[in-house]
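Please read the following briefing with the sequence and the three-dimensional model at hand. The points are grouped by topic.

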Amino acid sequence: MTSTQTSQIKVNKGFVIAFFSALVLSFTGILIRMISENYQLPALIIAFWRDTFVVLCALPLILILRPRILAIDHKDLPFLLLFGAVLAFFNILWTLAVTLSGAAVATVLVYSSAGFTAVLGYFFLKEPLGWRKIIAVILCLAGCVFVSGATQTGAWQNNPLGIITGLFSGLLYAVYSLMGRRATQKALNPWTTLFYSFLFAAVLLLTINILPLGFLPASANNSREMLMLGSEWRGWLLLILLAAGPTLIGFGLYNTSLGLLHSSTANLILTSEPVMTTIAAYFLLGERLSSQELFGSALILLALILLRIMTIRQARKNR
């Protein structure tokens, strides 16, 4: 088998893994909605417990299956600390964007990460940026606008702080993708980066929640609120399900795909997540699919097809 054929198999595998990552992550919004609506748990408290339970669920699995991946070089510690900080502040900015702009606009803005990742990947990781990828980015962003229902112009007006916050959440999502790609270049196991980034993010989110930071909405007012679920075992079960399912598996697969694909390609595939969330909400929550949601889904799928054609042509050119 030639090196070109091996590379193509690697890319095909990356596409499949990234797609399943988006599929698994698509259940995140549904579970968070169930937790917040049924138990009125503030978003940053949910974010802390989500990250904490990811660590608690991952640790025994890693110790049983591959304990050696927990060992890290002390030189990689600053990188992993920064990785965790990026993840934590992404959660914070995403929460603020939803609070200031609403879920629809915040969804579009966070998936501006596709454009940020393509540009930053070109400059910092020397990833290719051709006209097909640029068109794919535009189609994905347009699709997100329709799928999220952010076509109402009023949602975008007179809200500069919300838009700026949402754009920064997209920028941090792009930075997360680039750091995941860089971690694979540093020969760090994707599950190692997941474990330590979520561990450090949980510590940072705990600190932010218990500090008297009144300017941050959706955070705990005091340390007692961190346990406000009390004996509501169904709420705790949903939090564990959110961590062990969409988050642990979804981010684990995404980190793995970053070792097989360019960060911009993996991030573009991840923009199919809103489409899958909409379809899952239709079957699980009885939400109806509007014509604009179907149109937006078609745009995103068209972008993914274009992206796939681009990688196939690139492989043939290399051959």
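The structure is a predicted model, and its protein chain contains 13 helices and 0 strands. Of the 319 residues in the protein chain, 50% count as buried. When contacts between residues at least 6 apart in sequence are taken, 86% of them join residues at least 24 apart.

**Packing of α3 against α10**

- Helix α3, which spans residues 43-65, packs against helix α10, residues 233-258, at an angle of about 65°, and the two axes are 8 Å apart.
- That angle makes α3 roughly perpendicular to α10, because the perpendicular class runs from 65 to 115 degrees.
- The crossing in which α3 passes α10 is right-handed.
- On the α3 side the contact is made by Ile46, Trp49, Arg50, Phe53, Val54, Cys57, Ala58 and Leu61, while α10 contributes Trp236, Leu239, Ile240, Leu242, Ala243, Ala244, Thr247, Leu248 and Phe251.
- Sorted by class, the contact of α3 with α10 has 15 nonpolar residues, 1 polar residue and 1 charged residue.

**Packing of α2 against α10**

- Helix α10 also packs with α2, at an angle of about 165° and with the axes 10 Å apart.
- The helices α2 and α10 are therefore roughly antiparallel to each other, a class that takes in angles over 145 degrees.
- The crossing of α2 and α10 is left-handed.
- From α2, the residues Thr28, Leu31, Ile32, Met34, Ile35 and Tyr39 meet Arg234, Gly235, Leu238, Leu239, Leu241, Leu242 and Pro246 of α10.
- This contact of α2 with α10 divides into 10 nonpolar, 2 polar and 1 charged residues.

**Packing of α6 against α8**

- Helix α6, residues 113-124, and helix α8, residues 160-185, have axes that come within 8 Å and cross at roughly 50°.
- The two helices α6 and α8 are therefore oblique to each other, and their crossing is right-handed.
- In this contact, Ser113, Phe116, Thr117, Leu120 and Gly121 of α6 meet Leu167, Gly170, Leu171, Tyr173, Ala174, Ser177 and Leu178 of α8.
- The residues in the contact of α6 with α8 comprise 7 nonpolar, 5 polar and no charged ones.

**Aromatic pairs**

- A search of the whole structure finds 15 aromatic pairs.
- In one of these pairs, the rings of Phe146 and Phe295 have centres 4.9 Å apart and planes at 90°, so the pair is edge-to-face.
- This pair links distant parts of the chain, since Phe146 belongs to helix α7 (residues 131-148) and Phe295 to helix α13 (residues 291-318), 149 residues apart.
- Both partners are partly exposed: Phe146 has a relative accessibility of 25%, and Phe295 has a relative accessible area of 42%.

- Ser197 lies in helix α9 and counts as buried, at 0% relative accessibility.
- The C-alpha atoms of Ser197 and Phe79 are separated by 9.4 Å, although the two residues are 118 residues apart along the chain.

**Positive phi outside glycine**

- Gln40 has a positive phi of about 50° although it is not a glycine, and its place is in the loop between α2 (28-39) and α3.
- With a relative accessible area of 53%, Gln40 is exposed.
- Ala187, likewise a residue other than glycine, has a positive phi near 65°, and it is found in the loop between α8 and α9 (190-210).
- Ala187 is exposed as well, with a relative accessible area of 68%.

How values were computed
Residues numbered from 1 in each chain as written. Predicted model: local features only at pLDDT ≥ 70, side-chain atom pairs only at ≥ 80, totals over all residues. Heavy atoms only, no water. Axes fitted to C-alpha atoms, helices over the stretch in contact; angles between N-to-C directions. Helix = DSSP H or I, 4+ residues; strand = E, 2+ residues; numbered from the N terminus. Parallel < 35°, antiparallel > 145°, perpendicular 65-115°, else oblique. Left-handed = near helix turned anticlockwise from the far one by under 90°. Contact = heavy atoms within 4.5 Å. Nonpolar A, V, L, I, M, F, W, Y, C, P; charged D, E, K, R; others polar. Phe/Tyr/Trp six-rings, centres within 6.5 Å; stacked < 30°, edge-to-face > 60°. Buried < 20%, exposed > 50% of the residue type's maximum accessible area, 1.4 Å probe, protein only.
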